[in-house]
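Please look over the sequence and the model that follow, and keep both in view while you read. The report begins with a question and then works through the structure part by part.

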Amino acid sequence: MSVLVLVLAVSAACCLGFGFVLQQNAAQQAPRGDFLSPRLLLDLVKVPSWLGGIALMVVGMGLGAAALGQGQLSLVEPLLATNLLFALALSRRRTRQSLGRQGWAGLALLAGGVTAFIMAGQPRSGAAVADPLRMWLIIGAMGGLALLLTMRAKRNRLSSGPVLLALAAGLLYGVQDALTRISGDRFAVSGMGGLLTSWQPYAVLLIGVTGLILVQSAFETAPLRKSLPALTAAQPLAGIICGVGFLGDRLHMDTGALAWQAAGLAAIVSGIVALGMHPAMPRGTVIPAGVPVPALQGAVSR
């Protein structure tokens, strides 16, 4: 594994983790009538802390794109999942909550899972699948599942809704990472002219805005500990499926390697859940629908 890819991916995870904490702190004060509406972004854009979180997210996405330009999607995605460690670090600084057994166990599971998956799979580049049907089937399956999760979330807004929205956003972000990789390759071959005449960069933008609305709606209706683990777990799984499915990423496929890869992914998901449910993670404030929030209203009025 290239040291450059490691530095870029972990730096991206740091920016994303810090950004998610700032975004959730602002989004939980948004009017409940903005749920799953573009108005949510229009309201939040007037809140300085949310803009700071978005700025960190944009930087993180840029660093992630640079990492994808240097390494395989199946390698970068598990590293990006460590954003939860940085989110927990910022939350601990605010709450002064010790890690305890749960925190250390989650840290060990996440770090060990990432290491096991990369060491066993040894992701490497291969020829992208020439048949576009496979790409569209995978993207369609991810998008369709995200749509079903979103529809279900609308009916269970204050119970399982935030988790379902976070899962949907994670699936879309995994597809977005795959299309970002394709866009980078096209730019390297054909320059800006070739990039702008292809559909992938516009799909990246559309998925980014859609995912942002889903994530902020999840942050709006539930504490970070309920939404961020689902988001963080779904994105690398979707990204790895896209990488192996149509980008040509190659993993070791013998029985022993597959067993270690499966164990690594299971450990990653378990570590994410343990860290996401840690007491240091913000619990948020549950506010009934229709009740105005002075802090956000003041920011919006200004």
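Predicted model: local features only at pLDDT ≥ 70, side-chain atom pairs only at ≥ 80, totals over all residues.

How are H4 and H10 oriented to each other, roughly parallel or roughly antiparallel?

Residues are numbered from 1 along each chain as its sequence is written, and side-chain values use heavy atoms, with hydrogens and water left out.

Two packed helices are described by the angle between their axes and the distance between the axes. For H4 and H10 the angle is about 175°, and the axes lie 8 Å apart; here axes are lines fitted to C-alpha atoms, for helices over the stretch in contact, and angles run from 0 to 180 degrees between N-to-C directions. H4 and H10 are therefore roughly antiparallel to each other, a term for angles over 145 degrees, while those under 35 count as roughly parallel, 65 to 115 as roughly perpendicular and the rest as oblique. Leu 73, Ser 74, Glu 77 and Pro 78 of H4 meet Gln 235, Pro 236, Gly 239, Ile 240, Cys 242, Gly 243 and Val 244 of H10 in this contact, where contact means heavy atoms within 4.5 Å. By residue type, the contact of H4 with H10 has six nonpolar, four polar and one charged (Ala, Val, Leu, Ile, Met, Phe, Trp, Tyr, Cys and Pro count as nonpolar, Asp, Glu, Lys and Arg as charged, and the others, Gly among them, as polar).

## The chain and its burial

The protein chain has twelve helices and zero strands, which are DSSP runs numbered from the N terminus (helices are H or I with at least four residues, strands are E with at least two). Of its 302 residues, 52% count as buried, meaning under 20% relative accessible area, with exposed over 50% and partly exposed in between (1.4 Å probe, protein chains only).

Helix H4, residues 73–80, is mostly covered, since eight of its eight residues are buried. By contrast, Arg 101, found in helix H6 (residues 100–121), counts as exposed because its relative accessibility is 80%. The C-alpha atoms of Arg 101 and His 278 are separated by 9.9 Å, although these residues are 177 apart along the chain.

## The largest pocket

The largest pocket holds about 530 Å³ of space. Of the 25 residues that line this pocket, the closest to its centre are Met 57, Met 61, Tyr 173, Gln 176 and Gly 208. On a 1 Å grid over the protein atoms alone, a pocket is an open set of points with protein on both sides within 12 Å along at least five of seven lines, a cavity is a set where a 1.4 Å probe fits but cannot get out, and lining residues have an atom within 4 Å of a point.

H3 gives the most to the pocket lining, with nine residues, and the lining as a whole divides into 15 nonpolar, nine polar and one charged.

A search of the whole structure finds two cavities of 30 Å³ or more, and the second largest cavity has a volume of about 40 Å³. Its lining consists of Ala 233, Pro 236, Leu 237, Leu 265, Ile 268, Val 269 and Ile 272, of which H11 supplies the largest share, four residues. This lining divides into seven nonpolar, no polar and no charged residues.

Technical notes
Points joined across faces, edges and corners; volume = space filled by probe spheres on them.
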